[in-house]
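Good morning. I will go through one structure, which is on the screen now.

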Amino acid sequence: ETFTMTKPFIGVDLILNGQNTPEYVMAAGKTVRVDVAWKNNNPTKIYDAVIEVTLKGEALNRSSVYTSGGGYYRSIDDTVVWQKEGSLELAEIEPGAKGILSFNFSPVTLGVDVDRVIKNPQIVLEVRAHAKRTSDANVPEEVSSFATRKIKIETDLRLSARGLYYSGPFKNKGPLPPRVEQETTYTVVWTARNASNSVSGASVRTTLPVYIKWLGVTSPQGEDISYDTQNSEVVWNIGRMPAGGTREAAFQISFLPSLSHVGQYPDLVQENILSGSDDFTKTPVGSKQPAIRTVLRSDPKFVQGEGAVVQ
């Protein structure tokens, strides 16, 4: 059988932050630029065109919608509208003529610090275009077109990394400030927090400097924390984290300062990296925290002068 494929008389398309895909994945807290591309595919003029984009989804920040090019945000039904009164190019469109209309918006705040959890947040955009044309019988008739796009928002998977001496699950020992050729033990606490989408395969890792010793003491029991002696790497295998979930783990290390450390604030652990896979968006997510040094700002009993190595 033979089929004839024809273009819509007025073509419309949605481009999100420069990407033209059926589904667009974005990080939480970012802004979306929407470009509405239109074209007259009709062999004759069309006129009185109206283009409307409706936004749907509870993740939409309705106060953030900003239009340009004569557009109007009709908040009662969350629709951005362009018509000839504000966009003169839509009054009469020549065959093959095309253009772009734009607006911006942002999702609501979806981070781990927000009390309300919106699970699997997404925003759906529906664009409709209609215009008039003159038929072969010289009678005006309506032409229209429709397109849709979906925006999925990644979860905020966040890590905090703290160095402690006085507080935490372990009792530490040794001098503070750390003293050359005398051992001082410290506690490292990792807290992983997840916002809106469940995460699989979550893990945290860091590397110990050559002068730091792994003591093999971890908390709480049952957490999968391991140490690779060959790479001096500490790995916490968290696994799956549900939306809104929080996990915490700690381990103990010791520091034996050398003369070369005098007057310095050496690293206890190097960069801390949390990673995982967002089950909703199917994208990698995570966060990083810088190296933890002997200046223990997270410990409420720590005194500023206790950080630098002394002889």
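I start with Arg 116, which counts as exposed because its relative accessibility is 52%; buried means under 20% relative accessible area, exposed over 50%, and partly exposed in between, with a 1.4 Å probe and protein chains only. A word on the source: this is a predicted model, where local features need pLDDT of at least 70, side-chain atom pairs count only at pLDDT 80 or more, and totals for chains, interfaces and linings use all residues. Residues are numbered from 1 along each chain as its sequence is written, and side-chain values use heavy atoms, with hydrogens and water left out.

What does Arg 116 form a salt bridge with? The partner is Glu 58, and the closest N and O atoms are 2.7 Å apart. A salt bridge here is a side-chain nitrogen of Lys or Arg within 4 Å of a carboxyl oxygen of Asp or Glu. This pair links distant parts of the chain, 58 residues apart: Arg 116 is in the loop between strands E9 (98-105) and E10 (122-134), and Glu 58 is in the loop between strands E4 (46-56) and E5 (66-67). Strands (E, at least two residues) are DSSP runs, numbered from the N terminus. Glu 58 is exposed, at 51%.

A second salt bridge joins Arg 128 and Glu 126, with closest N and O atoms 3.2 Å apart. Arg 128 is partly exposed at 35%, whereas Glu 126 is buried at 13%.

In a third, Glu 223 pairs with Arg 247 at 2.9 Å between the closest N and O atoms. Glu 223 is buried at 17%; Arg 247 is partly exposed at 25%. The whole structure has 20 salt bridges.

Strand E18 (residues 246-255) also holds Gln 252. Is Gln 252 buried or exposed? It counts as buried, because its relative accessibility is 9%. Leaving out residues up to four places away in sequence, Gln 252 touches several residues, including Phe 170, Tyr 186 and Trp 214; contact means heavy atoms within 4.5 Å.

Key
Helix = DSSP H or I, 4+ residues; strand = E, 2+ residues; numbered from the N terminus.
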